[in-house]
Amino acid sequence: REGKEANTAITREEFMGLMAEAEFYNLFKETFQELDFENSGYVRAGDLDEVLGGVRDLIAEKKHSSIIDDGDMDMLVDYDQYTKMLLGAAL
């Protein structure tokens with residue numbers, strides 16, 4: 001075969017990386033869907049702050065009061081876009 005279709009194989013490492021990324025994406029989305037009480041695709045920044053703050057407190061030595069400014073706690077976050085951003089995907 002010639003052209004772009006000729007090289008469609010990926011390595012095992014590339015495949016495992018893609019699978020891990022997909023698993024993290026689904027894990028993040030499921031977590032955010034639990035916070036999406038209105039099934040709107042958005043979560044309150046304050047709710048997101050509580051979840052991420054809990055994770056941060058588990059893995060970090062220094063405790064911080066908040067990762068989101070107090071004035072932004074009621075802001076709505078599109079969790080699909082936020083999840084993609086966390087994984088470094090192109091938006």
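This report walks through the fold, core, surface and a few individual residues of a predicted model.

## Ground rules

Residue numbers start from 1 along each chain as its sequence is written, and side-chain values use heavy atoms, with hydrogens and water left out. Since the model is predicted, local features need pLDDT of at least 70 and side-chain atom pairs count only at pLDDT 80 or more, while totals for chains, interfaces and linings use all residues.

## Overall layout

The protein chain has three helices and two strands, arranged along the sequence as α-β-α-β-α. These elements are DSSP runs numbered from the N terminus: helices are H or I with at least four residues, strands are E with at least two.

Of the 91 residues, 21% count as buried; buried means under 20% relative accessible area, exposed means over 50%, and partly exposed is in between (1.4 Å probe, protein chains only). Take contacts (heavy atoms within 4.5 Å) between residues at least 6 apart in sequence: 62% of them join residues at least 24 apart.

## The core

The largest nonpolar core has nine residues: Phe-32, Leu-35, Val-43, Ala-45, Leu-48, Leu-52, Val-77, Tyr-79 and Tyr-82. Helix 1, helix 2 and helix 3 each put in at least two residues of this core, with helix 2 giving the largest share, three residues. By core we mean a set of buried Ala, Val, Leu, Ile, Met, Phe, Trp, Tyr and Cys residues joined through side-chain atoms within 4.5 Å. In soluble globular proteins, nonpolar side chains tend to be buried together.

Leaving out residues up to four places away in sequence, Val-43 touches Phe-32, Leu-35, Asp-36, Leu-48, Met-75, Leu-76, Val-77 and Tyr-79.

Thr-83 lies in helix 3 (residues 79-86) and counts as buried because its relative accessibility is 0%. Beyond residues up to four places away in sequence, Thr-83 contacts Tyr-25, Phe-28, Lys-29 and Phe-32.

Asp-47, in helix 2 (residues 45-59), also counts as buried, at 16% relative accessibility. Its side chain makes a polar contact of 3.0 Å with that of Arg-44. A polar contact is a pair of N or O atoms within 3.5 Å; within protein, one must be able to donate a hydrogen and the other to accept it, and residues adjacent in sequence count only if both atoms are side-chain atoms. Not counting residues up to four places away in sequence, Asp-47 touches Leu-35 and Phe-37.

## Around strand 2

Asp-78 sits in strand 2 (residues 76-78) and is partly exposed, at 28% relative accessible area. A polar atom of the Asp-78 side chain lies 3.0 Å from the backbone nitrogen of Asp-80. With residues up to four places away in sequence set aside, Asp-78 touches Gly-41 and Tyr-42. The C-alpha atoms of Asp-78 and Ser-40 are 8.9 Å apart, though 38 residues separate the two along the chain.

## Loop and surface

Asn-39 is in the loop between helix 1 and strand 1 (42-44), and at 69% relative accessibility it counts as exposed. Its phi is near 55 degrees, a positive value in a residue other than glycine. Most residues other than glycine have a negative phi.

The chain exposes about 7300 Å², with carbon and sulfur atoms supplying 53% of it. Met-19, in helix 1 (residues 12-35), counts as partly exposed at 45% relative accessibility.

Methods:
Areas by Shrake-Rupley, 256 points an atom, 1.4 Å probe, with all protein chains shown as cover.
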